[in-house]
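User: I would like to learn how to read a structure like the one below. Please take one feature at a time.

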Amino acid sequence: MTKAEHLAAVFAIAFAIIYAPTMDLNWTLATYHPIQGLWQFGKAAPLGGGSPAMYWYGFVFTAALGALVVAGLAALLPDKFMERVPWLSLTWVVTLGSIAYITYVLLPYATKT
Amino acid sequence: MRVGVSILLITHGILAVLLLGAITHQAIGAAWPVTKRAPGLWSAVRSVNGTNYANAVIILFLVTFAIGTIVYPAYRVSVRTLLQEYHFYKPEGMFEMKEHLLALSLALLPLYWLIWRRPSGENRVARTAITSILAVSVWWSFITGHILNNIRGFGS
């Protein structure tokens, strides 16, 4: 594996690990209010008057920022250490784990009537 | 505004069809490659050179995703409120899953691009698995979008 492949794998793994609890516990970095067209930093309540608050953009920002930091730190690690870890396998296994976690969190949608 | 959203949504749908075709061919070719080309459609699909699809998949994914993020507020305001009002929990949950699958898929794209640039025996399993995850995400998203458009789409 090349260094770029190592870092891309670390980014995807970190993103998947951070994203699942972020969507579950609402660690959003930003809130968008679509009716007002307004962005707010962090988690914000709906502004009222039937206007929803959208958190998904913020979930992506949170996970992407966290994964960039982790990948940046991984770039500082010695190549010998990076080559010992099976990054390619970990990438898809961790992503599938994250999907399983998210599926579990969303299960009530399938069962409630 | 409404016309603009409709145009974007139709474009989003058309690009999704192209993406669906490309990623499905590539995933089948990666998962069940043929050792010797035989006549017939199935053999032709299995023997595609996945490397040729990677750039197209990435461009289509990014453009479709970007348009999706632009039309998402219209869904949140006009469609999701109706789903909740009528207790259509399953389609609502399908959309929730769609947005999360696509976010995870977006994060896989850099590695996907790199390993399809240099396909080898070493990265074959990961290449197949990552391409399959992308294919499942795209299929799920396409079907969900189709169902939601049937519930409350154009002119409703």
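User: Among contacts in chain B between residues at least 6 apart in sequence, what percentage join residues at least 24 apart?

Analyst: Two residues are in contact if their C-beta atoms, placed from the backbone, lie within 7 Å. In chain B, counting contacts between residues at least 6 apart in sequence, 73% join residues at least 24 apart. This is a predicted model: local features need pLDDT of at least 70 and side-chain atom pairs count only at pLDDT 80 or more, while totals for chains, interfaces and linings use all residues. Residues are numbered from 1 along each chain as its sequence is written, and chains are lettered from A and ligands numbered from 1 in the order in which they are written.

User: How many helices and strands are there in chain B?

Analyst: Helices (H or I, at least four residues) and strands (E, at least two) are DSSP runs, numbered from the N terminus. Chain B has five helices and zero strands, and its pattern along the sequence is α-α-α-α-α. Its C-alpha trace spans about 55 × 30 × 30 Å along the principal axes.

User: What share of the residues in chain B is buried?

Analyst: A residue is buried if 20 or more other C-beta atoms lie within 10 Å of its own, exposed if 12 or fewer, and partly exposed in between, with C-beta atoms placed from the backbone. Of the 156 residues in chain B, 35% are buried.

User: At what angle do α1(B) and α3(B) pack?

Analyst: Axes are lines fitted to C-alpha atoms, for helices over the stretch in contact, and angles run from 0 to 180 degrees between N-to-C directions. Angles under 35 degrees count as roughly parallel, over 145 as roughly antiparallel, 65 to 115 as roughly perpendicular and the rest as oblique. The angle between α1(B) and α3(B) is about 150 degrees, with the axes 9 Å apart. The two helices, α1(B) and α3(B), are therefore roughly antiparallel to each other.

User: Which hand does the crossing of α1(B) and α3(B) have, left or right?

Analyst: A crossing is left-handed if the near helix is turned anticlockwise from the far one by less than a right angle, and right-handed if clockwise. The crossing of α1(B) and α3(B) is left-handed. Its contact has 19 nonpolar, six polar and no charged residues. Here Ala, Val, Leu, Ile, Met, Phe, Trp, Tyr, Cys and Pro count as nonpolar, Asp, Glu, Lys and Arg as charged, and the others, Gly among them, as polar.

User: How many residues does each chain put into the contact between chain B and chain A?

Analyst: Chain B puts in 25 residues and chain A 31. On the side of chain B, α4(B) gives the most, with 17 residues. By class, that side has 17 nonpolar, three polar and five charged residues.

User: How do α1(A) and α4(B) cross, and which residues meet?

Analyst: Their axes come within 8 Å and cross at roughly 175 degrees, so α1(A) and α4(B) are roughly antiparallel to each other. Among the residues that meet are A:Phe11, A:Phe15 and A:Tyr19 in α1(A), and B:Ala107, B:Leu108 and B:Pro110 in α4(B). The contact of α1(A) with α4(B) divides into 17 nonpolar, one polar and one charged residue.

User: How many residues does the largest nonpolar core have?

Analyst: A nonpolar core is a set of buried Ala, Val, Leu, Ile, Met, Phe, Trp, Tyr and Cys residues joined through C-beta atoms within 7 Å. The largest has 64 residues, and those with the most contacts inside it include A:Phe11, B:Leu108 and B:Ile130. Not counting residues up to four places away in sequence, A:Phe11 touches A:Ala67, A:Ala71, B:Ala107 and B:Pro110.
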